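Please have the coordinates open beside the text.

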Amino acid sequence: PARYEAETPAQLSFFRGHFEDLPILPGVMLVDRLVWPIVRAEFPDITCVRGARRLRFRRPILPEQRLIVQVERSGDRVTFEVSCGAEVVAAGQLTVA
């Protein structure tokens, strides 16, 4: 599987307003702004997401965390896993075309 590193900058606008007293990255933004660009970079023939399955957001993603994103393709499905340290914080599968 392909493996990428990312960091969540504290000033990222998506941290504001999700929960008033707890700045966490919304799951939809994690997939749209972090996972999807990696999928496109790794598999340029993929043009769109047709659906999402088995989405699991296990732990909040906070400002200034270092993340590891792994993606693996099997046919029309891309499985992803996002880790922070040794802990998986999010995972799922995208159906793609």
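1. Arg54 counts as exposed because its relative accessibility is 52%, where buried means under 20% relative accessible area, exposed over 50% and partly exposed in between, with a 1.4 Å probe and protein chains only. Arg54 is found in strand β2, residues 49-57, strands being DSSP runs of E of at least two residues and helices runs of H or I of at least four, both numbered from the N terminus. Phi of Arg54 is near 50°, a positive value in a residue other than glycine.

2. On the basis of these notes: this is a predicted model, in which local features need pLDDT of at least 70 and side-chain atom pairs count only at pLDDT 80 or more, while totals for chains, interfaces and linings use all residues. Residues are numbered from 1 along each chain as its sequence is written, and side-chain values use heavy atoms, with hydrogens and water left out.

3. Glu64 counts as exposed because its relative accessibility is 57%. Most residues other than glycine have a negative phi.

4. Turning to the strands, β1 (residues 2-7) and β3 (residues 66-74) run antiparallel and are joined by 6 bridges, two strands being paired if DSSP finds at least two bridges between them. Within this pairing, Ala2 stands opposite Val71 in β3. Strand β3 also pairs in the antiparallel sense with β4 (residues 77-84), over 7 bridges, and here Glu72 stands opposite Thr79 in β4. The two strands β3 and β4 form a hairpin with 2 residues between them, and Gly75 in the turn has a positive phi of about 65°.

5. Which residues have the most contacts inside the largest nonpolar core? They are Val39, Val71 and Val82, in a core of 25 residues; such a core is a set of buried Ala, Val, Leu, Ile, Met, Phe, Trp, Tyr and Cys residues joined through side-chain atoms within 4.5 Å. The elements that give two or more residues to this core are β1, α1 (27-42), β3, β4 and β5 (87-96), and α1 gives the most, with 8 residues. Leaving aside neighbours within four places in sequence, Val71 is in contact (heavy atoms within 4.5 Å) with residues including Pro1, Ile38, Val39, Phe43 and Phe80.

6. The structure holds 5 salt bridges, each defined as a side-chain nitrogen of Lys or Arg within 4 Å of a carboxyl oxygen of Asp or Glu. In one of them, Glu7 pairs with Arg66, the closest N and O atoms being 3.1 Å apart. Glu7 lies in strand β1 and Arg66 in strand β3, so the pair ties together parts that are 59 residues apart in sequence. Arg73 forms a salt bridge with Asp45, with the closest N and O atoms 2.9 Å apart; this pair links Arg73 in strand β3 to Asp45 in the loop between α1 and β2, 28 residues apart.

7. Glu87 and Arg59 also form a salt bridge, their closest N and O atoms being 2.6 Å apart. Glu87 lies in strand β5 and Arg59 in the loop between β2 and β3, so this pair ties together parts 28 residues apart in sequence. Salt bridges that share partners join Glu5, Glu7 and Arg66 into one network.
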